Amino acid sequence: MTAFTVAPSVRALIRKELREYRHHRMILMTATVLPIVFLLLPIANLALFDPERSIGGVNLAVGQAMFCFFLCPVIIPATMSAFAVIGERDQGTLEPLLTLPLSDSQFLAGKVLAIVGPTTAASFAIYLAYMSVVVAVAQEPVRSAALDWTWPFGFLLLAPVLALFSTLTGMAFSARARDIRVAEHLSGLVLLPAMLPVMLVVTRTIEPSVLSWGAFSAVVAALDFAIWRLALRAFDRERAISTA
Amino acid sequence: MTHAGPAIELDRAGRTFGDRVALRPLDLAIPPGEIFGLLGPNGSGKTTTLRILATLIRPTTGTARILGHDVVTAAMDVRRRVGVMPEKPSLYERLTVRDNLVFWADAHTLPDTRAAIASALAFVGLEARADDRVGQLSKGWRQRVALARAIVHRPRVLLLDEPSSGLDPSAAAAMERMIRALVADGATVLMNTHRLAEAERICDRVAILRHGELLELGTPRQLRARLLGNVVNVELAGPPTLPVRRAVEATPAISDVRWLPGGFACRLEDADRDTPALIAGLVHAEAQIVSVVQAGDLESAYLELMARTAREDELEAAA
């Protein structure tokens, strides 16, 4: 990707983005509270699991828990990426930012990586915490079902490409929308159908396996590539600074 | 590598937005080391010109070059060589002054970021506020940060949009001093301004735009002469004596002499060319000269031009 030919300027943009996120209350809340919620919900779900009263059995309960983890790399980037361009425009920094020696691809890459990196790391971290809790306190049959290797395999494969998908979609809307909330809502509309394959797996409509996770990840990665190309083509500096 | 031609060059560069003409094809060549002012009412095309040069928008006609680099085909080369200061400071207010500059210096991949930032902070006198959040600073200090950001990579060309907009007189004077110092250091400055007195003080040349069209171009003195006539006011210590009157009337290219109790006003064919001869004649006649001042200022000239073009527009509309 040409974005990395002048890596230092992209790295500079990433560092700036991360510094800004640390001082932006809404983003900070989104990036800290949501992962905690996405961690506590599955733990509560499994802790309260009652095999006698459960309709779908332990597999469905574990699937529901996993769904929360898959939501994490989708929802957090959607909020952050909506801010990426509109936020710059709202605080008046977009115009000087676009006078920096950053090509369109470097600009977008810096913005995208600043979201995908931390979000993926947070998603892996809460999943790791969940697995630790399961190992430490969960009883059979929950323990075996939750520790089934296909889940971490699928999560490891799919979480980064889902985060990228969510970020790119959010960025595309952010570059063209006038309001952060509009961008969030529009990207939400696109992201919900994208969660359908995950729904099919967590509900065991499709069995979690190397093949199913591999296929889904490949499809999402292909979509990511297509959206990246589209976003790059659609990114218009004049429009970005004039949409107000 | 040093560029031999103009630092800033517009060759029939124009811009339309749909049916609206923001800038009619404009020719402009600004040599290195010049402070050039773009004047004109709101919507006259000043900001459009600046945005074209800053690679933010593309010209729809003609070309524009910075230090020989085309703003469309070599946009990245242009961005490396210009410093842009927008009208509003447009800073990251949640970040500190230093963090703002660190980002800019890093994005320009400077070899010694720390030294560049220290130098920019020292230049604008912000060392003591470097670790303050920008959001806590006054407008004047923010303008200084914006200037520090624009110069942190030591650009050879500076594009300043209303650099002293909203500043109190002492902050505006400080901004003027800083702009002069940058030019003394070898930079070329193109600035938009509504402050005509400021433009008259610091700009080597100015262009007046209206409705996207170039109306006048020249030094402030040339514009005053063209628009207000070459009227010169001479103040003497005491009433004009007969030898003084004779010397004045004998000056070539003089007309419309009006004698006053403490001096006289006259019209010269070319104030720049003829004033030295007038003064030489006065000195020869042993006149005690207090001051010789060309009548009017850039502001009067600007207002005269605006009134004149408004009258022409009315006549055109009536016809």
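Q: At what angle do the axes of helix 2 and helix 3 of chain A cross, and within what distance do they come?
A: Helix 2 (residues 25-47) of chain A and helix 3 (residues 57-90) of chain A cross at roughly 175°. Their axes come within 9 Å. Axes are lines fitted to C-alpha atoms, for helices over the stretch in contact, and angles run from 0 to 180 degrees between N-to-C directions. This is a predicted model: local features need pLDDT of at least 70, side-chain atom pairs count only at pLDDT 80 or more, and totals for chains, interfaces and linings use all residues. Side-chain values use heavy atoms, without hydrogens and water, residues are numbered from 1 along each chain as its sequence is written, and chains are lettered from A and ligands numbered from 1 in the order in which they are written.

Q: Why are helix 2 and helix 3 of chain A called roughly antiparallel?
A: Angles over 145 degrees count as roughly antiparallel, under 35 as roughly parallel, 65 to 115 as roughly perpendicular and the rest as oblique. The crossing is roughly 175°. Helix 2 and helix 3 of chain A are therefore roughly antiparallel to each other.

Q: What kinds of residues make up the contact of helix 2 with helix 3 of chain A?
A: The contact holds 21 nonpolar, 4 polar and no charged residues. Ala, Val, Leu, Ile, Met, Phe, Trp, Tyr, Cys and Pro count as nonpolar, Asp, Glu, Lys and Arg as charged, and the others, Gly among them, as polar.

Q: What is the strand order of the open sheet of 6 strands in chain B?
A: The order is 6-7-8-3-9-10, with mixed pairing. Strands (E, at least two residues) and helices (H or I, at least four) are DSSP runs, numbered from the N terminus.

Q: Why do strand 6 and strand 10 of chain B stand at the edges?
A: Strand 6 (82-85) and strand 10 (213-218) of chain B each have a single partner strand, so one side of each is left without a neighbour in the sheet.

Q: How do you know that strand 6 and strand 7 of chain B pair?
A: Two strands pair if DSSP finds at least two bridges between them. Strand 6 and strand 7 (residues 157-161) of chain B share 4 bridges, in the parallel sense. Among the partners, B:Val82 is bridged to B:Val157.

Q: How much of chain B counts as buried?
A: Of its 319 residues, 51% do. Buried means under 20% relative accessible area, exposed over 50%, partly exposed in between (1.4 Å probe, protein chains only).
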